[in-house]
Amino acid sequence: MKAAKGITSRAHPLWLAYILHRLSGLALAVFLPLHFWVLAMAVTDPERLDGFLRLTESGVVKLAEFGLVFLLTVHMFGGLRLMALEWLPWSASQKTLAVGATTASFLIAVLFFMRAI
Amino acid sequence: MALDVLKVTIERGPDAAAAQQSFDVPAYENQTVLDVVSWVQQNADPTLSYRFACRVGMCGSCAMMVNGVPRWTCRTHISKVLDGNAVTIGPLRNLPVIKDLAVDMDPFFDKWVEAEGVHHGALTRDDPIAPVDETTVERTTANTGIECINCSVCYAACDTVTANKDYLGPAALQRAWTLLNDAKDEGRASILDAVSGKGGCHTCHSMGSCTAYCPNDLDPMSAIAGLKRETARSFFRRGRS
């Protein structure tokens, strides 16, 4: 069974990037209805919303927010990666250079942003 | 690290999981996976069925699953795949098993034709030979895919092929992309039509296993991406051109 049905053949960066993008998308799809439901409380039941917002002070929720930001980041860059992969007729080395330049400028921008706040 | 004996597990029969057999194979300095399978057939069990021809990576007939990864067995040194002194060898994934390690390649080649992976000529023998400019972008693009040996390693590696029996697969689509960029081929409309339908290039999820495991270092995933761009372009241009 090991030879034909094992998952060994999936252990490469391209496949891992694929699955990370899909799973983060699914997780965000599950999160969104809950997000809208809580937002809708502002109209339907403001006191209940305030109660919920007090809940967000707790550490567990703060930790979950890190997870949420992680999912959003992973999914956004996964999508950009997929679009670059499929829609840009560039060579692999051109794409590597472009990603390198974008990453460097992003890191510098974040540095300035962190100093500003 | 000199090994004396290799523990070789071979999956036999269509119900591979239920029919595993182990063999002790003497280890040699220079030994490919195909050599190991041949040793079993010649010395331990003459009823073992497998397929090979050229033994030098040209004919594309000896591909098998080796420790869960599709490989051309004639050019895979056993030391590269050994897990300790053990190795598991099975028939290629995603294709019907005929017997033991021999799979039925018909679905693979049928899809090759379905993707219009055939020559579409417009000239006759009376016409002069058309010159081909080796420096054009189209020719360079076509050149990147012409070393395919039809071994079906990419087809076996692809999870989209597993999940969708209509999907044409990486090799056939790469062939379509090569022909689309070939100045000698006149089948542009029929190729684009064949690869844009159900099971065509847009079925691909860009998982990249085809590119990761192609023994000839080809890049079917990028070829399919090229088809995605070309079919989209022709879709949006329809009516204007």
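The secondary structure of chain B comprises 10 helices and 7 strands, where helices (H or I, at least four residues) and strands (E, at least two) are DSSP runs, numbered from the N terminus. The model is predicted: local features need pLDDT of at least 70 and side-chain atom pairs count only at pLDDT 80 or more, while totals for chains, interfaces and linings use all residues. Residues are numbered from 1 along each chain as its sequence is written, and chains are lettered from A and ligands numbered from 1 in the order in which they are written.

Along the principal axes, the C-alpha atoms of chain B fill a box of roughly 70 × 40 × 30 Å. Of the 241 residues in chain B, 45% are buried (20 or more other C-beta atoms within 10 Å of the residue's own, with C-beta atoms placed from the backbone).

Chain B is divided into domain 1 (5–103) and domain 2 (106–237), with bounds that come from an automatic or database domain assignment. The centres of these two domains, taken over C-alpha atoms, are separated by 29 Å. Where do they meet? In chain B, 15 residues of domain 1 are in contact with 15 residues of domain 2, contact being C-beta atoms, placed from the backbone, within 7 Å. On the domain 1 side, β3 and β4 of chain B each give two or more residues, and β4(B) provides the largest share, 4 residues.

Chain B also meets chain A, in a contact that takes 27 residues from chain B and 18 residues from chain A. Elements giving two or more residues to the chain B side include β3 (63–66), β4 (69–72) and α10 (220–237) of chain B.

Note on methods: A residue is buried if 20 or more other C-beta atoms lie within 10 Å of its own, exposed if 12 or fewer, and partly exposed in between; C-beta atoms are placed from the backbone. Two residues are in contact if their C-beta atoms, placed from the backbone, lie within 7 Å.
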